[in-house]
Amino acid sequence: MRMILKLVTISLVISLFIVNIPQKADASIGVSATSAVLLEQKTGRVLFEKDAHTKRRIASITKIMTAILAIESGKMNQTVKVSEQATRAEGSSVYLKPGEKIKLNDLVYGLMLRSGNDTAVAIAEHVGGSLDGFVYLMNQKAKQIGMYNTHFANPHGLDDHENHYSTAYDMAVLMRYAMQNKTFQKISGTKVYKAPNSTENWDREWKNKNRLLSKYKYCTGGKTGYTKRAKRTLVTTATKGDMNLIAVTLNGPDDWNDHISMYEGGFKGFDMAEVLAKGKIAGAKNKYYKNQLYVKKSIVYPATNDEMDLFSVKYKLEKPKKNWMRTKNEVIVGKAVVYLDGKVVQETPIYLKSPKEKKKKGLFDFVKEIFLSVIGVNDNG
C-alpha cells in the first residue's frame with residue numbers, strides 16, 4: 001500500500017533578529033507619470049506603485065520583449081537579410097537598406113540603443129518567420145512569465161493597433177525576467193556600440209538613448225519609448241550595493257527625474273535583510289531527520305527598518321517516504337516559509353543528505369553521528 005505523504009508542520013516559529021542594518025528614513029516619492037512602479041529584482045517585491053495595474057499604451061518599451069525573444073532564439077550569430085517591409089517601418093530608425101545583410105546580434109543592439117523600428121521588424125521576420133508569427137511568440141512569452149494584463153500586436157510599439165497595451169507592473173515583470181539573461185544585461189547597459197555596415201565603407205555607431213545611464217550613476221540599463229498616444233514611457237534598472245531595482249513609468253513627462261526619485265526612495269527606505277542563512281537549520285529538526293536538515297540558498301528580502309522585527313520562519317516537513325533510507329543522494333523533505341507580518345513572502349526547499357551518503361565518511365564517523373544524535377548532542381557545537 002502506498003504511503004500517503006502527510007505534512008507535519010513544526011510548531012516552532014523562529015523570530016529572526018537582523019543585526020548591523022542601519023536605520024533608514026522613510027522617503028516620500030512623487031512622480032509625474034500617470035502610472036509607475038518600483039520593483040526589487042531578486043524577490044519581485046513592489047517598493048512603490050502608482051496606478052501600476054491600469055492598461056496603457058507602452059510605445060517602444062515593447063522592444064524589451066522583442067530583444068529577449070531574439071536573444072533566447074539562439075540565432076544571435078545568424079545573418080539576417082533585411083526585407084523591404086522592414087525598411088518601411090515608420091518612426092525611429094537605424095536606416096537599414098532592402099537586401100542588406102546584418103547579424104541578428106547587431107540588430108538587437110540597434111533595437112535597444114537606438115530604438116530602431118526597422119530593426120524590430122527585421123528581428124521579428126527572422127525569429128518568428130513573419131510579423132504575425134513573432135507577435136504570437138510575444139504573447140505566449142507574456143503569459144508564461146506572468147504578464148496577465150498585457151497584449152502585444154507588433155514588435156516595436158507603434159500606435160498601429162488598438163490592442164497593444166500593458167501596465168507599469170507587467171513591464172516591470174518583463175524587465176525582471178529579461179535581466180536574468182546576461183546577454184540582455186550587457187546590451188541594455190551599453191552606452192555606445194559600433195556595428196559593421198555592409199553597404200558602406202564605415203561602421204555604424206549607435207549611442208544609447210537612455211540618458212539615465214550617464215545622468216544617474218547607479219543606472220545599469222533600460223529602454224526608452226515615445227509615441228503621440230502613449231507619450232513618454234521608460235523602463236530602467238539600477239544597482240546600489242546589494243540591491244537591484246527596476247523602475248517603470250508610463251506617460252511620464254518628467255520621467256528621468258521620476259526614476260531617480262523612485263530609486264533614491266527605494267535605496268534609502270529599504271535594506272536587503274538576510275532572513276534565513278544557507279546551510280544547516282537546527283531549528284527544523286524532528287524525530288525523523290535529527291540535525292541533518294539544510295537549505296542551499298539564503299533568503300534575502302527587502303524591508304524597511306520598521307519591518308525588521310516582523311519576519312518569522314516556519315518549517316514544514318514531510319513524513320519520510322518508505323524508501324528514503326535507501327536514497328543515495330540528497331532529498332527534498334519540506335520547505336522553509338518566510339513570513340513578513342504574517343504574510344508569506346518567500347520559501348525555499350529543505351534538503352536532507354541520505355544515510356547512505358553519510359556512510360561515505362567512514363564507518364566510525366557514521367556510528368559516531370548516530371550515537372551523538374541519540375543522546376542529543378550536536379557534534380558541531
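Visitor: Which residues of α3 are buried?

Guide: They are Leu104, Asp106, Leu107, Val108, Tyr109, Gly110, Leu111, Met112 and Leu113. Buried means under 20% relative accessible area, exposed means over 50%, and partly exposed lies in between, with a 1.4 Å probe and protein chains only. This is a predicted model, where local features need pLDDT of at least 70, side-chain atom pairs count only at pLDDT 80 or more, and totals for chains, interfaces and linings use all residues. Residues are numbered from 1 along each chain as its sequence is written, and side-chain values use heavy atoms, leaving out hydrogens and water.

Visitor: Why is helix α3 called largely enclosed by the rest of the structure?

Guide: Nine of its 11 residues, within 104-114, are buried, so the helix is largely enclosed. Helices are DSSP runs of H or I with at least four residues, strands are runs of E with at least two, and both are numbered from the N terminus. The chain has 11 helices and 17 strands. Just after α3, Ser115 has a positive phi of about 60°.

Visitor: What makes a set of residues a nonpolar core?

Guide: Its members are buried Ala, Val, Leu, Ile, Met, Phe, Trp, Tyr and Cys residues joined through side-chain atoms within 4.5 Å. The largest has 57 residues, and Ile64, Met65, Met147, Met171, Phe184 and Val248 have the most contacts inside it. A second, separate core of 23 residues includes Leu47, Leu213, Ala247 and Ile260.

Visitor: Which residues does Met65 touch?

Guide: Leaving aside residues up to four places away in sequence, Met65 touches Met138, Lys141, Ala142, Met147, Phe152 and Leu174. Contact means heavy atoms within 4.5 Å.
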